[in-house]
Amino acid sequence: MRDFKTFTIKNVCKSFGPKQALNNFNLTLEKGQFITFLGPSGCGKSTALNCIAGLIPITSGAMFIDDECIDDGVHSVPPEKREFGMVFQNYALFPHLTVFNNIAFGLELKKLDKQVIRERVKSVLKMVHLEGYEEKFPNQMSGGEQQRVAIARCIVMEPRLLMLDEPLSNLDAKLRIDMRYEIKSIHNRLQISSIYVTHDQQEALALSDRIVVMKSGHIQQVGTPEEVYSQPANLFVADFMGFRNIWPAEIETITEGGAELEVRLNVQGVKLASRLGPEAAQAKRAGLMAAFQKRQPVYTAIRPEDIALGENGPNQQECQVDVVEYLGQTSQVAASFTNGVRIDLRPEARVDQGETIRLTIAPEKIQVFTKEG
Ligand SMILES: Nc1ncnc2c1ncn2[C@@H]1O[C@H](COP(=O)(O)OP(=O)(O)O)[C@@H](O)[C@H]1O
Ligand SMILES: [Mg+2]
C-alpha cells in the first residue's frame with residue numbers, strides 16, 4: 001500500500017449552483033490522526049467527505065497527498081485510485097450477499113487469492129467482534145451488527161484514509177456509546193488515518209485527535225478536544241460545545257492583570273466580572289481590545305455546570321427558580337435574575353420551583369465574545 005505522511009486540503013470550495021457548500025476549506029491531516037468534522041445538519045460535512053473521496057468534483061482549490069496533487073478541480077485522481085475508504089450512515093451493505101461476501105467483495109475485485117481473502121475476512125470479523133457471522137445476511141442482523149460489517153468491509157481493504165459519515169446516527173443511545181468505543185479501539189490498534197463526521201459533540205470529544213467545527217460551509221475552529229471544549233473560538237462554537245447563558249452584555253471596563261484580562265460586564269443591569277486566562281486573553285486581546293469602545297456590545301457564555309450555589313464567592317447573584325428537571329446526580333434548572341434574564345444551571349444540591357437561590361460564578365468561567373467572534 002502506498003503510504004503517506006500528510007494529506008492536505010488547500011482552499012477547497014464546492015458550489016452546487018448558487019449554493020456554496022464549502023468555502024475555503026483548509027486542513028492538514030498527519031498520518032494516523034483521527035480528525036472529526038463537527039457541525040449541524042447542512043453545514044457541509046458530507047460534501048467535504050465526498051470531495052475528499054473524489055465522489056464529487058471540487059469547484060476550486062486543491063488536495064495533496066504529501067507533494068502529489070490528487071485533485072485541483074481539473075485533474076482528479078479517480079476514487080478507486082485514491083485508496084480511501086468510506087463508511088456510510090445507512091451501512092450500504094449488499095442485501096443479497098452474506099456477511100462473508102459483502103466483506104470479500106472488494107478483495108475479489110482485486111483478484112486476491114481465495115485463501116488470503118478467507119483469512120483477511122476472518123481477521124476483520126474478529127476485530128469487529130463478529131466471529132462466526134460469515135453466512136448471515138444483513139437482514140438477519142441488528143443495526144449495530146450491520147454497521148460493524150460496514151466498517152469491516154471498509155478496513156479489510158486497508159485504506160490509506162478511512163472516512164466515516166455519521167456512522168452511528170441510526171443506532172440507539174446505548175449502542176452508539178458501545179460502537180464509539182469499538183471505533184476508538186480499532187483506531188488505536190490499526191492507527192488508520194481517519195476522518196469522522198458527526199453532529200454530536202460528545203462523539204467528537206470522545207474520539208478525536210483534532211476537531212474541525214463547521215458552520216454553513218465555513219470552518220469555525222480547528223483544535224484538540226480540550227481546546228474546542230474550553231476555548232471556543234466564537235459564540236457558535238461555544239453554543240455547539242454546550243455553553244449556555246449566552247446573554248447580550250456591555251463591556252464597562254477591561255483591565256490587564258498580568259497575562260490575564262479582567263472584563264467587567266453589564267448584563268442588562270446585572271454586573272458580572274469575567275477573567276480571561278492567558279491563552280484566551282491572548283487570543284481575545286487583539287479582537288476584543290481592537291473592537292473595544294465604551295459600551296462595546298458583547299455576549300457572555302457560561303456552562304450551566306460552572307454555576308455554583310452559595311452565599312460566598314465571586315459574582316454573587318440572587319435568582320428565582322422557574323423550572324427544575326431532575327437528572328439523577330444533578331438537576332437541570334432554569335431560573336431568572338431579578339432583571340428577568342434567564343439563567344441555566346446544573347446544581348447538585350436540591351432546589352425547588354419558586355425558591356429564591358443565591359449563586360456564584362467564578363470569573364474565569366465566564367467567556368466573552370463579540371457577535372462576530
Ligand atoms: N447534490 C447537491 N445539490 C445541491 N445542493 C446540495 C447537494 N449536496 C448538498 N447540498 C447542499 O449543500 C449543503 C451541505 O450539505 P451536506 O454536505 O450534505 O451537509 P451535512 O453533511 O453537514 O449535513 C446543504 O445546504 C445541502 O442542501
Ligand atoms: Mg451529511
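**Entry 1: K45 and ligand 1**

I started with K45 and found one of its polar side-chain atoms 2.9 Å from an oxygen atom of ligand 1. A reminder to myself: this is a predicted model.

Next I looked at the backbone. At G42, a polar backbone atom sits 2.6 Å from an oxygen atom of ligand 1. For C43, I noted a backbone N or O atom 3.2 Å from an oxygen atom of the ligand.

**Entry 2: the shell around ligand 1**

Which residues are around ligand 1? I listed F16, K19, A21, P40, S41, G42, C43, G44, K45, S46 and T47.

The most comes from α1, which gives three residues.

**Entry 3: helix α3**

I moved on to α3, which spans residues 99–109. Which of its residues are buried? I wrote down V99, F100, N102, I103, A104, G106 and L107.

Then I asked what covers these buried residues of α3. My answer includes two other helices, α4 (114–127) and α5 (143–155).

Last, I checked what comes after the helix. K111 follows α3, and its phi is positive, near 55°. That one is worth a look on screen, friends.

Key
Residues are numbered from 1 along each chain as its sequence is written. Chains are lettered from A and ligands numbered from 1 in the order in which they are written. This is a predicted model: local features need pLDDT of at least 70, side-chain atom pairs count only at pLDDT 80 or more; totals for chains, interfaces and linings use all residues. Side-chain values use heavy atoms; hydrogens and water are left out. Buried means under 20% relative accessible area, exposed over 50%, partly exposed in between (1.4 Å probe, protein chains only). Helices (H or I, at least four residues) and strands (E, at least two) are DSSP runs, numbered from the N terminus. Contact means heavy atoms within 4.5 Å. A residue is near a molecule or strand if one of its heavy atoms lies within 4 Å of it. A polar contact is a pair of N or O atoms within 3.5 Å; within protein, one must be able to donate a hydrogen and the other to accept it, and residues adjacent in sequence count only if both atoms are side-chain atoms.
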